[in-house]
Amino acid sequence: MLTLHCPNCGVHADETDLHAEGEAHLKRFASGSSDDDFHDYMFQRQNPKGVHFERWKHVYGCGKYFLAARCTATLEVFGTYSAQTHEPPQAIKDAITAKRPGWSWGDFS
Amino acid sequence: MSNAVSTLNGKVASGEVTIREGGLRGMITFRGDLSNAKLKSVCKTLTGFGVPEMGKATSNGDKGVAWMSPDELLILVPHAQTNDAIAAIEKAMKGQHHLAKNVSDARTHLTVQGSFAREVIAKLAPADLHPDHFQIGDFRRTRLGQVAAAFWMTDAETFEVICFRSVGEYAFDLLAASAKAGPVGRF
C-alpha cells in the first residue's frame, strides 16, 4: 500500500484517497508547436524501473495536485512537493541521490 | 420558497453508538484567500469562530467553520440564516476575488455518538484515527466506504460527518452497520 504526504493539506494520504495523474514535469506543446514536439508531448512517456516523478491528485481530500518522487521497483517514496514547480526541489534530489546514487530521469539527475 | 426537507428527515439508528441524520443544516462553501482579515472577522461574527488552521474545524451546535483545502472553507450556520450569512460574506469580501455558495441542500449531515464512535469511523475510512493522531478539533476529508466524506470530532465520543446528499442514505446505512457490528478494541 502506497501512502503519500499531501503537501497541500498535510495529510498522509492512503493510495485510495488519491488519484494518479501521470508523469510529472511535462512541458506542454500545443498549437503553434511542431508535429514532433506535439507528438512527444502527447504520447511519449517515461516508463522507468526505478526513480520516477509523478503527479497525484488528493481527490478524496483537499482536491489539489502535488508531485511525488518514488521508486517504481520498490514503492519507496523519496518525497512529495508542490505541483507549482518546473523541476524537483534540491532537497528531493538530494534524498534520491542518497538512496540511488547516479540516478537520472529526463533532464534531471 | 419550497418546504426544505433533509436527506433522511432526522432518521436515527440507536445503539451503543447512535447514528443520527442531523436534519437541516446551513452550509456555505467559501473559496478565496483564507488569510484575508475581513474573512476572519465575518467568520467570527457569523459562527463565533475565526478561520481554522490547516486540517482543523471548530463547531458548536449549528455553527462552525471547517478547513477544506488551502483555498476553501465550509461555514456552518443555522439553516434559516444561510442566505443572510452569504449576504454578510459578500458584503465583507466586496472587491476581493472570492466565492460563497449555499450548499446546504447538496449535503447531508450525520452525527456518530457513543463509546466507540472512533472505531465506527476508523473501520470505514483510510485515515489514521488513533487517539494520538486524531483529536477533538481535527478535521479530515477522506472517504467512508465508497463515497467522499468529511468528519471532525466535537467531543471524545462524538463525530460529525458530512457527505453529498446523493449518497447520504448510503453513508447512514454504512455507519449504522459499522456501529451494529460492535467495537474492534484496537484503540
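1. Domain contact in chain B. In this predicted model, 10 residues of domain 1 of chain B are in contact with 12 residues of domain 2 of chain B, two residues being in contact if their C-beta atoms, placed from the backbone, lie within 7 Å. The elements that give two or more residues to the domain 1 side of this contact are β9 (139-144) and β10 (147-155) of chain B. By class, that side has three nonpolar, two polar and five charged residues. Here Ala, Val, Leu, Ile, Met, Phe, Trp, Tyr, Cys and Pro count as nonpolar, Asp, Glu, Lys and Arg as charged, and the others, Gly among them, as polar.

2. Basis of the model and conventions. The model is predicted, and local features need pLDDT of at least 70, side-chain atom pairs count only at pLDDT 80 or more, while totals for chains, interfaces and linings use all residues. Residues are numbered from 1 along each chain as its sequence is written, and chains are lettered from A and ligands numbered from 1 in the order in which they are written.

3. Domain bounds. Chain B is assigned domain 1 (12-23 + 106-180) and domain 2 (26-105); such bounds come from an automatic or database domain assignment. The centres of domain 1 and domain 2 of chain B, taken over C-alpha atoms, are separated by 22 Å.

4. The six-stranded sheet of chain B. Helices (H or I, at least four residues) and strands (E, at least two) are DSSP runs, numbered from the N terminus, and two strands pair if DSSP finds at least two bridges between them. An open sheet of six strands in chain B has the order β1-β2-β8-β11-β10-β9, with antiparallel pairing. β1 and β9 of chain B stand at the edges, each with a single partner strand, so one side of each is left without a neighbour in the sheet. Within this sheet, β10(B) is joined by six bridges to strand β11 (residues 158-164) of chain B, and the two run antiparallel. B:Phe151 has B:Val161 in β11(B) as its bridge partner.

5. Strand β5 of chain B. Strand β5 (residues 63-69) of chain B has five buried residues out of seven, so it is largely enclosed by the rest of the structure. A residue is buried if 20 or more other C-beta atoms lie within 10 Å of its own, exposed if 12 or fewer, and partly exposed in between, with C-beta atoms placed from the backbone. Four bridges join β5(B) to strand β4 (residues 57-60) of chain B in the antiparallel sense, and B:Ser59 stands opposite B:Gly64 in β5(B). The hairpin of β4(B) and β5(B) has two residues between the strands, and B:Gly61 takes a positive phi near 60° there. β5(B) also pairs with β6(B), antiparallel and over five bridges; B:Gly64 stands opposite B:Leu76 in β6(B). A hairpin of two residues joins β5(B) to β6(B).

6. Helix α2 of chain B. The buried residues of helix α2 (residues 82-92) of chain B are B:Thr82, B:Ala85, B:Ile89 and B:Ala92. They cover an arc of only 90° around the axis, which puts them on the same side of α2(B); the arc is that of the directions from the helix axis to the C-beta atoms. The elements covering these residues include β3 (26-32), α1 (37-47), β6 (72-77) and β7 (98-102) of chain B. The face of α2(B) turned away from its buried side carries the exposed residues B:Ala87 and B:Lys91.

7. Chain A. Chain A has two helices and six strands, in the pattern β-β-β-α-β-β-β-α along the sequence. For its 109 residues, a compact globule would have a radius of gyration near 13 Å, and the 14 Å of chain A agrees; this radius is taken over C-alpha atoms, the globule rule being 2.2 Å times the number of residues to the power 0.38. Along the principal axes, the C-alpha atoms of chain A fill a box of roughly 40 × 35 × 25 Å. Of the 109 residues, 23% count as buried.

8. Contact between the chains. The contact takes 13 residues from chain A and 12 residues from chain B. On the side of chain A that touches chain B, four residues are nonpolar, six polar and three charged.

9. Backbone angles to check. A:His25 has a positive phi of about 60° although it is not a glycine. A:His25 lies in the loop between β3 (19-23) and α1 (35-43) of chain A and, with 18 C-beta neighbours inside 10 Å, counts as partly exposed. B:Asn9, also not a glycine, has a positive phi of about 55°. B:Asn9 is in the segment before β1 (12-13) of chain B and, with 9 C-beta neighbours inside 10 Å, counts as exposed.
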